[in-house]
Amino acid sequence: MSDLHFPPRELAVMSVLWRLGSATVADVREHLDEDLAYTSVLSALQILEDKGYVRHEAEGRAYRYFPTVAADKAGRSAITRIKDAIFQGSAERMFAQLVADRQLSRDELQRMRELLAKRLGVDNASDDA
């Protein structure tokens, strides 16, 4: 499970499970942006379970599904694929693209700056340079 890849529908289902922590088929269906049939959601959950990404427990007449892979692990895998495919393996180019996003608020940029300073072991990350 080192390289995780979710097709769009499976990713949407996993996103609901990560957000809620666990869910029944009806819960997942209710929280999806796309209006899918109950059987379509059930099928996606069964596929994810076959892949080892979710598990279920009986809850009355229904099943409750739980993610078995953390969102941050899936995120790392996706980021690596994007970095390799779009930015020719350069984290610096990918970071530059992200920072250039005009929709990032000053607060988000400041938090990113603080994360970088922490990673570099630099004190006073919030001081203006």
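This is a predicted model: local features need pLDDT of at least 70, side-chain atom pairs count only at pLDDT 80 or more; totals for chains, interfaces and linings use all residues.
**Close-up 1. The contact of helix H5 with helix H6.** Two packed helices are described by the angle between their axes and the distance between those axes. Helix H5 covers residues 91-99 and helix H6 covers residues 106-120; their axes come within 12 Å and cross at roughly 155°. Angles over 145 degrees count as roughly antiparallel, and H5 and H6 are therefore roughly antiparallel to each other. From H5, the residues Phe95, Leu98 and Val99 meet Leu109, Met112 and Leu116 of H6. Sorted by class, the residues of this contact comprise six nonpolar, no polar and no charged.

**Close-up 2. The contact of helix H1 with helix H3.** The axes of helix H1 (residues 8-20) and helix H3 (residues 38-50) come within 10 Å, and they cross at roughly 85°. An angle of 65 to 115 degrees counts as roughly perpendicular, so H1 and H3 are roughly perpendicular to each other. On the H1 side, Arg9, Glu10, Val13, Met14 and Leu17 take part, and they meet Ser40, Ala44, Leu45, Ile47 and Leu48 in H3. The contact of H1 with H3 has seven nonpolar residues, one polar residue and two charged residues.

Close-up 3. Side chains of opposite charge can pair when their charged atoms come close. A salt bridge is counted when a side-chain nitrogen of Lys or Arg is within 4 Å of a carboxyl oxygen of Asp or Glu. By this rule the model has seven salt bridges. Asp27 belongs to helix H2 (residues 25-31) and Arg64 to strand E3 (residues 62-67), so the pair ties together parts that are 37 residues apart in sequence.

Conventions: Residues are numbered from 1 along each chain as its sequence is written. Side-chain values use heavy atoms; hydrogens and water are left out. Axes are lines fitted to C-alpha atoms, for helices over the stretch in contact, and angles run from 0 to 180 degrees between N-to-C directions. Helices (H or I, at least four residues) and strands (E, at least two) are DSSP runs, numbered from the N terminus. Angles under 35 degrees count as roughly parallel, over 145 as roughly antiparallel, 65 to 115 as roughly perpendicular and the rest as oblique. Contact means heavy atoms within 4.5 Å. Ala, Val, Leu, Ile, Met, Phe, Trp, Tyr, Cys and Pro count as nonpolar, Asp, Glu, Lys and Arg as charged, and the others, Gly among them, as polar.
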